[in-house]
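Please look over the model shown here before reading the notes. They are arranged by topic.

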Amino acid sequence: MSCLGGDVWHLDPREIGLFRSIPGPARTAIAVGPRCVRRMEMLRSGKRGDDMLRLIQETKAKKAAQETFARIVKDSLPTQGTRRIGFKGGNRDRELFSAGEGELWALISKTPEDTTIPRYWNAFGVFEPDRKMQLIAVEINVPSDANGWQVAGAFAEDEETGDIHLMHDAAVGGGRPGIGQQAFLLAANIRMVKVLCEDGRFRKAIPVGNMSDVGFVGRLARYVKKVADFKLGVSKGDLDTPEFRKRLEESESYDKEFSGTKSGRRGGTFAYETYHGEIVDMVVAEGTRRAGWTRKSTTPS
């Protein structure tokens with residue numbers, strides 16, 4: 001599949017089948033669309049060889065990464081003033097940043113002193129301005145002092161480029177049944193990557209976004225939306241089907257089979273592997289947007 005300028009998308013067989021199922025006008029829209037060209041920037045910046053992400057564990061380095069993260073978010077999203085943020089077991093009043101109704105909202109703060117593990121509180125959701133209390137879709141908190149990965153979020157550095165990635169361990173449960181890591185990964189079509197820790201072991205995590213990318217906040221917003229959509233789908237029973245349960249069982253069996261792998265080296269194109277799921281989503285979304293195609297109808301609107 002080629003984009004404008006001769007660049008090529010490298011899709012696996014399942015994705016090729018998905019692309020071919022899209023009617024001709026939509027395929028054409030994808031192939032020549034400007035978003036296709038922008039997505040190719042990830043491939044142009046990709047690397048081949050023995051590169052990896054390394055967990056940032058030093059207190060000063062984490063503080064610097066958090067400050068950069070906060071600056072990027074606050075420069076990209078206007079303030080919505082002080083809002084009440086609800087969470088399991090309580091609520092807090094904090095300044096909230098968002099582009100407006102139905103868009104990403106972000107809270108960047110230090111957690112209260114009474115928390116067991118001091119951390120940077122990075123909470124996100126979908127902004128509903130008329131609500132008295134905003135609901136958290138996902139928290140990507142990073143421990144501020146402790147070395148390790150005791151909470152769901154982290155920063156990781158690409159050893160070759162020095163780029164810093166915001167990471168999440170896919171813990172989206174919130175204490176509710178049916179909302180687990182593997183189910184979320186499957187439903188959201190997201191892949192985890194390995195991150196090298198200080199003790200030489202590897203942890204798997206989702207690379208939410210590269211903070212050096214100009215589209216970082218947009219990628220963060222899409223990730224938060226995926227979590228929110230997943231939780232809504234669970235609450236409505238959309239995933240409680242024999243087909244999804246079978247896929248989940250197969251996925252869990254596959255992960256157990258390869259859980260003993262210790263190598264953290266990533267051959268192939270890193271940027272493509274890292275944001276694989278988003279690329280697939282963009283392929284479908286671009287065709288839908290430009291040609292009016294939906295899965296339910298093959299007739300452009």
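Predicted model: local features only at pLDDT ≥ 70, side-chain atom pairs only at ≥ 80, totals over all residues.

Residues are numbered from 1 along each chain as its sequence is written, and side-chain values use heavy atoms, with hydrogens and water left out.

**Nonpolar core**

- The largest nonpolar core holds 41 residues, and Phe-69, Phe-124, Phe-155, Phe-184 and Leu-220 touch the most other members.
- Two or more residues each come from α4, β4 (104-110), β5 (119-126), β10 (164-168), α5 (181-188), β12 (202-210), α6 (216-236) and α7 (242-257).
- The greatest share is that of α6, with seven residues.
- A nonpolar core here is a set of buried Ala, Val, Leu, Ile, Met, Phe, Trp, Tyr and Cys residues joined through side-chain atoms within 4.5 Å.
- Buried means under 20% relative accessible area, exposed over 50%, and partly exposed in between (1.4 Å probe, protein chains only).
- Helices (H or I, at least four residues) and strands (E, at least two) are DSSP runs, numbered from the N terminus.

**Helix α5 and the residue after it**

- Six of the eight residues of α5 are buried, so the helix is mostly covered.
- These buried residues are Gln-182, Ala-183, Phe-184, Leu-185, Leu-186 and Ala-188.
- Just after α5, Asn-189 takes a positive phi of about 55°, although Asn-189 is not a glycine.
- Asn-189 lies in the loop between α5 and β11 (193-196), and it counts as partly exposed because its relative accessibility is 23%.

**Other loop residues**

- Ala-170, in the loop between β10 and α5, also has a positive phi, of about 70°, without being a glycine.
- Ala-170 counts as buried because its relative accessibility is 0%.
- Ala-152 sits in the loop between β8 (142-143) and β9 (153-158), and at 16% relative accessibility it counts as buried.
- The C-alpha atoms of Ala-152 and His-168 are separated by 5.7 Å, and the two residues are 16 apart along the chain.

**Surface charge**

- Glu-58, Glu-157, Glu-198 and Asp-199 form a negative surface patch.
- Glu-58 is in the loop between β1 (53-55) and α4 (59-76).
- Patch residues have over 30% relative accessible area and no salt bridge, with like charges joined within 9 Å; a salt bridge is a side-chain nitrogen of Lys or Arg within 4 Å of a carboxyl oxygen of Asp or Glu.

Terms used: Patch = residues over 30% accessible without salt bridge, like charges linked within 9 Å, V, L, I, M, F, W, Y side chains within 5 Å. Areas by Shrake-Rupley, 256 points an atom, 1.4 Å probe, with all protein chains shown as cover. Lys, Arg positive; Asp, Glu negative; His and termini not counted. Charge placed at Lys NZ, Arg CZ, Asp CG, Glu CD.
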